Amino acid sequence: MHNDQRSTTLAIFCKVVDNFGDIGICWRLARQFHIEHGIAVTLWVDDLASFRRIWPGVSVDASEQMVDGVRVLHWRDQDGTFQPHDVADIVIEFFGVDIPPGYIAAMAQCEPRPVWINYEGLSAEEWVEGCHALPSMHPRLKLTKHFFFPGFTDKTGGLLRERSLLDARDRFQADPAARAGFLARLGVTPGEMDALAVSLFCYPHAPVAEMFAVWRAGARPVTCLVPDGVAREQVAAFLGADPVPGAAGSHGNLTVRVIPFLSQDDYDRLLWSCDVNVVRGEDSWVRAQWAGRPFIWHIYPQDENLHHVKLRAFLHKYAANLDSLIDFSLRWNGVESDVPADWPALWTSLQTSLPTIRERNAGWQARMLANGDLVSNLLDFARSLR
Ligand code: TRH
């Protein structure tokens with residue numbers, strides 16, 4: 001961004017919601033800006049313990065630390081005075097978090113002004129295209145921020161995807177020994193690997209007990225791999241034991257195994273290894289799309305069931321005519337209907353469609369690839385504003 005020799009600087013402000021929401025996306029953004037574009041990134045984050053869960057190299061006590069080349073600052077409060085030289089060339093506020101007022105005042109003194117981005121949530125709704133890249137003037141200061149929306153079309157910011165992601169996935173998926181070795185490291189036995197493998201990452205209200213009952217009574221052996229802390233109550237009830245990593249139990253045709261909470265890179269390997277992935281929120285949902293395996297999305301709940309609108313918008317784009325996937329996804333997310341959910345029938349129908357869903361995913365990926373990757377798109381946009 002600058003004409004001098006120093007690299008572009010970028011700051012991301014991230015507040016963790018509901019245990020560890022949003023740090024997943026912010027950390028992925030930070031790493032990619034740094035690794036692929038040589039940008040000096042500072043990540044401000046309020047909850048280092050949550051951050052550490054997805055990236056074990058993080059120290060929870062440090063007010064400032066370098067993590068894989070990214071400067072991480074513990075964002076404790078809104079205090080502090082800042083000078084223009086403290087301000088990054090590009091400032092990203094994540095999901096409209098309030099940047100400290102002193103930092104904003106310093107932004108207004110910079111010449112030229114930094115590019116100020118409000119990074120929004122991913123949605124397949126039609127209105128997103130109309131709002132992507134819109135400016136918003138600061139009410140008092142001579143500053144403008146711009147909305148940046150990830151999305152599924154070329155009129156949005158696209159999806160997060162690292163340059164080497166799909167090659168790494170292809171190599172892994174072409175190598176059965178890599179899968180076997182990876183799963184063995186997580187404690188999965190050879191017998192469990194031969195069953196239909198399902199990874200489970202969902203919010204606590206998902207109908208997990210209902211699915212466990214279906215898989216247990218089903219004709220086909222299922223291994224369900226659950227990272228530590230996910231669906232804790234339902235997993236404990238199934239196992240009849242504390243759901244700590246390494247705990248496993250089988251009833252009928254279902255084995256449930258608790259695995260450690262993985263680093264983001266290993267979590268990708270888990271998605272690449274499984275036949276079906278249950279994912280949630282935003283980042284794991286996008287990773288599941290790139291993994292190329294059938295997935296069920298558990299969307300983050302919103303007031304007045306607004307999330308059901310968002311869910312339907314995605315299913316409309318992604319799963320048109322795949323009724324089994326649509327029906328299962330709506331029920332998994334608590335969309336009510338006149339009749340109670342028939343979980344055995346929903347699963348049987350979904351299972352029959354798995355090969356079709358896999359094919360659909362390949363076409364979907366080709367379309368998403370054509371939109372470019374989000375980080376490159378964001379940088380192009382930022383450069384166009386300077
Ligand atoms: O953390 P989430 O629940 O995120 C959500 C969404 O961003 C949502 O829109 C937001 O508003 C809500 O937070 C509060 O789920 P998400 O986005 O999938 O992020 C989880 C991250 O955890 C993701 O980067 C993958 C990572 N992960 C691991 O690294 N290891 C694991 O073992 C698992 C299960 C996940």
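Is the crossing of helix 6 and helix 10 left-handed or right-handed? In this predicted model, the crossing of these two helices is left-handed.

**Helix 6 and helix 10**

- Helix 6 spans residues 176-185 and helix 10 spans residues 264-273; their axes come within 10 Å and cross at roughly 120 degrees.
- Angles of 65 to 115 degrees count as roughly perpendicular and those over 145 as roughly antiparallel, and helix 6 and helix 10 are therefore oblique to each other.
- On the helix 6 side, the contact is made by Arg-179, Phe-182, Leu-183 and Arg-185, and helix 10 contributes Asp-266, Arg-269, Leu-270 and Ser-273.
- By residue class, this contact comprises four charged, three nonpolar and one polar residue.

- Strand 4 covers residues 70-74, and because four of its five residues are buried, the strand is largely enclosed by the rest of the structure.
- Opposite Val-70 of strand 4 stands Val-67.

**The hairpin turn**

- Strand 3 and strand 4 form a hairpin, with two residues between them.
- Asp-68 lies in the turn and has a positive phi of about 50 degrees.

Note on methods:
Residues are numbered from 1 along each chain as its sequence is written. This is a predicted model: local features need pLDDT of at least 70, side-chain atom pairs count only at pLDDT 80 or more; totals for chains, interfaces and linings use all residues. Side-chain values use heavy atoms; hydrogens and water are left out. Buried means under 20% relative accessible area, exposed over 50%, partly exposed in between (1.4 Å probe, protein chains only). Two strands pair if DSSP finds at least two bridges between them. Axes are lines fitted to C-alpha atoms, for helices over the stretch in contact, and angles run from 0 to 180 degrees between N-to-C directions. Angles under 35 degrees count as roughly parallel, over 145 as roughly antiparallel, 65 to 115 as roughly perpendicular and the rest as oblique. A crossing is left-handed if the near helix is turned anticlockwise from the far one by less than a right angle, and right-handed if clockwise. Contact means heavy atoms within 4.5 Å. Ala, Val, Leu, Ile, Met, Phe, Trp, Tyr, Cys and Pro count as nonpolar, Asp, Glu, Lys and Arg as charged, and the others, Gly among them, as polar.
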